[in-house]
Amino acid sequence: MTIHRSIRLISLSVALVGVMTCTSSIVAAPNSVYQPLGAPADPLVAARWNFYRDYAEATGLLKQIAAAHPKWCRLESLGQSYGGRELWVMTITNQADTSENEDSKPGFWIDGGIHANELQAVDVVLYTAWYLAETAERSEFTQRLLNERVIYLMPMMSPDSRDAHMYRPNSTNSPRGGQMPVDDDRDGLVDEDPSEDLDGDGSITQMRIRDPNGKYKVHPEYPNYMVRIEPGELASFTGERYTLLGSEGFDNDGDGRVNEDGDGYYDPNRDWAWQWQPGYMQRGAYRYPFSIKANRLVAEFITDHPNIAGGQSYHNTGGMILRGPGSNSDSWPRGDIAVFDRLAKRGEEMLPGYRYLNTAKGLYEVWGGEHDWLFAMRGIFAFTNELNTPFNLFRKKGDAGSWFGSALDRYRFDRLLLFGEGFVDWHEVDHPEYGRIEVGGQKKNWGRQPPSFMLEEECHRNMAFTLFHADQGPLVEIDRIEVEPLAGGLRQVTATLINRRLTPTRARHDVQNGITAPDRVELTGPTVVAALMSDSVVFDRPEEVTRDPAAIRLERLASQTPKYIRWLVTGNEQPTVTIRSVKGGTATKSAE
């Protein structure tokens, strides 16, 4: 089996792959009498979701989707990565609706794969693009969502390292950074001491040697599992003892260290211009904010689309719904945190085993992280989902302190459901420095990524939460307009404005820092003499508008909280009210 095929899926057996192939052809049959609910069974673009696509395959799928669904999809490149790969963004909305500018619709940003070894992050975004395009004509929910909003999807933020992970020897954790050469150990050379695949199997596993004074032993039930000998049994232990030597590799540059300068190390999720800190404070920060080209192109795109109100980034692993702030020194308004809370609590229902956490307090501190930049500098309510919850191994809560859950559960799952495919059996190899040693342990395609039969559910559940978030983005509405004649040729025009979604048109943080312009309410037709605003339908304690009463600036429309505007006008023209919100869209209504 090639390296590429081994990472694409962990098959259960040759027979099972045959069964899956047959089942796939049945499910995809357009004339099937009985079709399961969920993803469409007869798509225009046939796609399977039980394997991982490399860059070329993902690009091909995006192009197919755009070609098959031109009414809804547009594909463009923001530019090229360091390795010359296009950085694709797909825009999905009702593009046939030319009655309004696309940017006047509320926007939503979705990205994946900023850490390229976190493979399924890309596939969730690809699945979302495919699902939205394929259901736009058949699902009332999807059609309404795309008529009201515009969705921007960037599946692969680090395409160079995605292919590097799939095609080169790596562990499940590498490469996390990009492919630009970097002198990690400051010896004047770049990327000169990477890991080595000593046995040529495509995975970077672990090294061990037999050592009568070693502190590790083989687990009695799972021979690939190395466990520490307890201090109390060290003196009396008579079995085989081992010393672990780290991941496969040797000292290429003769500096006494092993594997310390591999693929250029910088962390694309430590490069964003909010609470950024240099390398001595935040490992992987690289040179300065947005010193990584791909991030800079993404930031420019998002800045050019101020209508983006919500965002979702996909990472792995651990089953988490994360919000900022990433630094304990940072603080966000309580009202904005309440919005995150309402959205994420629904996410915990939709994603069994996932935990909603604040990054800094619930996980670890991050300086220069993407979702902090999205909120703090662009006013976007953004989450990061850490995909692949340990709960899914045996439908029980994993270790609270472990990203991967219980180590023992991983070995049990491998034996019972993967039939041993997740680990390399320990075996001897020659090492240029240590002599005869053994290598073995977890393969690169097991641990962070779910196996094939669990991938589609992970994609769909996470997509569903993200679409819930998108649908709960702000959407301005003029509920009603009432006109009442007054003495002296005057009329009173009262408009009720509302945003029925969970997200306000502007975050408190946005209002405090002036990130986007205030909402604007305009009355056209008759001549405006005066205007009042109130939070009460009976206009208790109204606020008089003294500046430009025909074009009123509103701080924001909060969630599900009406705002009342009353104008005193002259003239018999029909009153028309328009509200324009940068992130909440545009609505117009005329009095009957």
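Two strands count as paired if DSSP finds at least two bridges between them. Strands (E, at least two residues) and helices (H or I, at least four) are DSSP runs, numbered from the N terminus. In this structure, threonine 494 stands opposite arginine 566 in β21. The model is predicted: local features need pLDDT of at least 70, side-chain atom pairs count only at pLDDT 80 or more, and totals for chains, interfaces and linings use all residues. Residues are numbered from 1 along each chain as its sequence is written, and side-chain values use heavy atoms, with hydrogens and water left out.

**Sheet**

- Five strands form an open sheet in the order β15-β16-β21-β18-β19, with antiparallel pairing.
- Its edge strands, β15 (476-485) and β19 (543-544), each pair on one side only.
- Strands β16 (residues 490-499) and β21 (residues 563-570) run antiparallel and are joined by eight bridges.

- Buried means under 20% relative accessible area, exposed over 50%, and partly exposed in between (1.4 Å probe, protein chains only).
- Helix α12 covers residues 407-417, and its buried residues are Asp409, Arg410, Tyr411, Phe413 and Asp414.
- An α-helix has 3.6 residues a turn, so residues three or four places apart point the same way.
- The cover over the buried residues of α12 includes α11 (391-394), β13 (423-431), β14 (435-442) and α13 (452-471).
- Serine 406 caps the N-terminal end of α12, with a side-chain oxygen 3.2 Å from the backbone nitrogen of leucine 408.
- Phenylalanine 419 lies in the loop between α12 and β13, and its phi is positive, about 55 degrees, although it is not a glycine.
- Phenylalanine 419 counts as exposed because its relative accessible area is 54%.

- Contact here means heavy atoms within 4.5 Å.
- A polar contact is a pair of N or O atoms within 3.5 Å; within protein, one must be able to donate a hydrogen and the other to accept it, and residues adjacent in sequence count only if both atoms are side-chain atoms.
- Threonine 142 belongs to helix α5 (residues 140-148) and is buried, with a relative accessible area of 0%.
- The side chains of threonine 142 and threonine 135 make a polar contact at 3.0 Å.
- With neighbours within four places in sequence left aside, threonine 142 is in contact with Tyr131, Leu132, Thr135 and Ala136.
- Alanine 164 lies in helix α6 (residues 159-167) and counts as buried because its relative accessibility is 2%.
- With neighbours within four places in sequence left aside, alanine 164 is in contact with Asn170, Pro175 and Gln179.
- From alanine 164 to glycine 178 the C-alpha to C-alpha separation is 9.6 Å, and the two are 14 residues apart in sequence.

**Backbone geometry in other loops**

- Most residues other than glycine have a negative phi, and most peptide bonds are trans.
- A cis peptide bond runs from asparagine 316 to threonine 317, with omega near 20 degrees; threonine 317 sits in the loop between β9 (308-316) and β10 (320-323).
- The bond from glycine 324 to proline 325 is also cis, with omega near 0 degrees, and proline 325 is in the loop between β10 and α8 (334-350).
- Aspartate 548, in the loop between β19 and β20 (551-554), has a positive phi near 50 degrees.
- Aspartate 548 is partly exposed, with a relative accessible area of 42%.
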